[in-house]
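Me: I have a structure to go through with you. Could we take it step by step?

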Amino acid sequence: MTLSPVKQTLRYDQVSCRLQVEGLPDVSIGQAGEALGIITGWSLRWSGRPELEGRKDHLLALMATVLPYARHLISGVARPFGGDDVPVTIAPREQGGHNLELRSSQPDVAPLTVELDDAELADLVRVLDQLRLDPRLQVKLELPEPQPLHPREVLERVPLRRRLVAPLGGAVAVAVAAALGLLLPEPRPLPPSPEAVQQRGEP
Amino acid sequence: MPEAPAAAETPAASQLPPLSRRGLERLDLLLLSAEALDLNGGEAMVWMSEQLGFSGLFANRVELWKRRCHNPLRRATRRGNLSPAETDALIRILSALADRLYPLLRALLSSAEPESVRLQRWQLFEGRLAELVRERMNPRRVGVQTLLDPQRGERQRRQLIRALAYGAGSGGYERLRASLHDPVV
């Protein structure tokens, strides 16, 4: 007689959202008890918003997109993460807040966009952190470790207009100084001294 | 409840160079923001340091304060760099404090709160932060003047609260640490 593994549910709550991950211990590698080695499904419930559900790939994409986005926000760099090739995209909104876009793997389903404020994004980041650091989750997540930004990203944090002020101001100052220099009259040549005239043999 | 005691120096911490003066400045300002959110912030910091097992690095509050004085914006600034173990411990303390203060941070950032309540919260935070900055920082430094300016410093003050919210907890520690090591350009 063989015992089937018991279904496990991991639940993480914050004020605005609840993440629930369901799965089974991977008995083929000796997992048992509370361990969750195979994710069979997950759901993310938002207060007053549609519930999100998906497979393991979608959850990993959500983590791989949202966590680096939050990492960049700590440095004051708000730039989009994700793209057409991944099911999750997150980007800053012009009027403040963030747009989280989720694309279904099914062909006829339109993408779902969730608007989040800073507090809701922080809640989402916390539930994802709780999940990835939970010792009961024994799935290899392969998320990159947060790294310091590249100098270019730090530079781009300053708006282009403000970055250009110093070099453009310098160039204008040089041009104005050159123009003023050109306006000055050239000095007249000095009259030749009498000794020089004598040397040339002139009367 | 504080997280599990951390090692004095994690393997990842030793891979990064010592924190730059700019990083130390940001770290101290984030700690100052945590103090501004909590009336007993100074005490909480010492208590958290003990709870996380950093009594060997910071034997008492004076030692903790001396490390924070490496911030170049301080009135009485100290020269030199902190060791990676010391900066790592300070960042862990900051993450744990931010985790403890998360409900307050969330309330400041939430757009669901009534505008008047939110404004009142921000005024309270900004007022206490300004008091602490005037008390401890060098007013002749442009960075201090900007932070204290109601208009010019608004973005920076909001950024401090955001950084604390996204850097709260043990997951946030790694993000905060990476952010504090950003290059200076």
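Me: What pattern does chain B follow along the sequence?
Reply: Chain B reads α-α-α-α-α-α-α-α-α-α along its sequence, with ten helices and zero strands. Helices (H or I, at least four residues) and strands (E, at least two) are DSSP runs, numbered from the N terminus. The radius of gyration of chain B is 16 Å, close to the 16 Å that the globule rule gives for 185 residues, so chain B is as compact as a globular protein of that length. That radius is taken over C-alpha atoms, and the rule is 2.2 Å times the number of residues to the power 0.38.

Me: Where does this model come from, and how is it numbered?
Reply: This is a predicted model, in which local features need pLDDT of at least 70 and side-chain atom pairs count only at pLDDT 80 or more, while totals for chains, interfaces and linings use all residues. Residues are numbered from 1 along each chain as its sequence is written, and chains are lettered from A and ligands numbered from 1 in the order in which they are written.

Me: How much of chain B is buried?
Reply: Buried residues account for 43% of the 185 residues in chain B. A residue is buried if 20 or more other C-beta atoms lie within 10 Å of its own, exposed if 12 or fewer, and partly exposed in between, with C-beta atoms placed from the backbone. Helix 2 of chain B is mostly covered, as 15 of its 17 residues are buried. Helix 2 covers residues 21-37 of chain B and reaches 24 Å from its first C-alpha to its last, close to the 24 Å expected at 1.5 Å a residue. The expected span is 1.5 Å times one less than the number of residues.

Me: Which residues have the most contacts inside the largest nonpolar core?
Reply: They are Leu94(B), Leu97(B), Leu105(B) and Leu164(B), in a core of 77 residues. A nonpolar core is a set of buried Ala, Val, Leu, Ile, Met, Phe, Trp, Tyr and Cys residues joined through C-beta atoms within 7 Å. Leaving aside neighbours within four places in sequence, Leu105(B) is in contact with Ala98(B), Ile161(B), Leu164(B), Ala165(B) and Ala168(B). Two residues are in contact if their C-beta atoms, placed from the backbone, lie within 7 Å.

Me: Changing topic: how many residues does each chain give to the contact?
Reply: Chain B gives 23 residues and chain A gives 24 residues. On the side of chain B that touches chain A, the largest share, nine residues, comes from helix 10 of chain B.

Me: What are the elements of chain A?
Reply: Chain A has five helices and seven strands, in the order β-β-β-β-α-β-β-β-α-α-α-α from the N terminus on. Its radius of gyration is 33 Å, whereas a compact globule of 203 residues would have one near 17 Å. The C-alpha atoms of chain A fill a box of roughly 135 × 40 × 35 Å along the principal axes.
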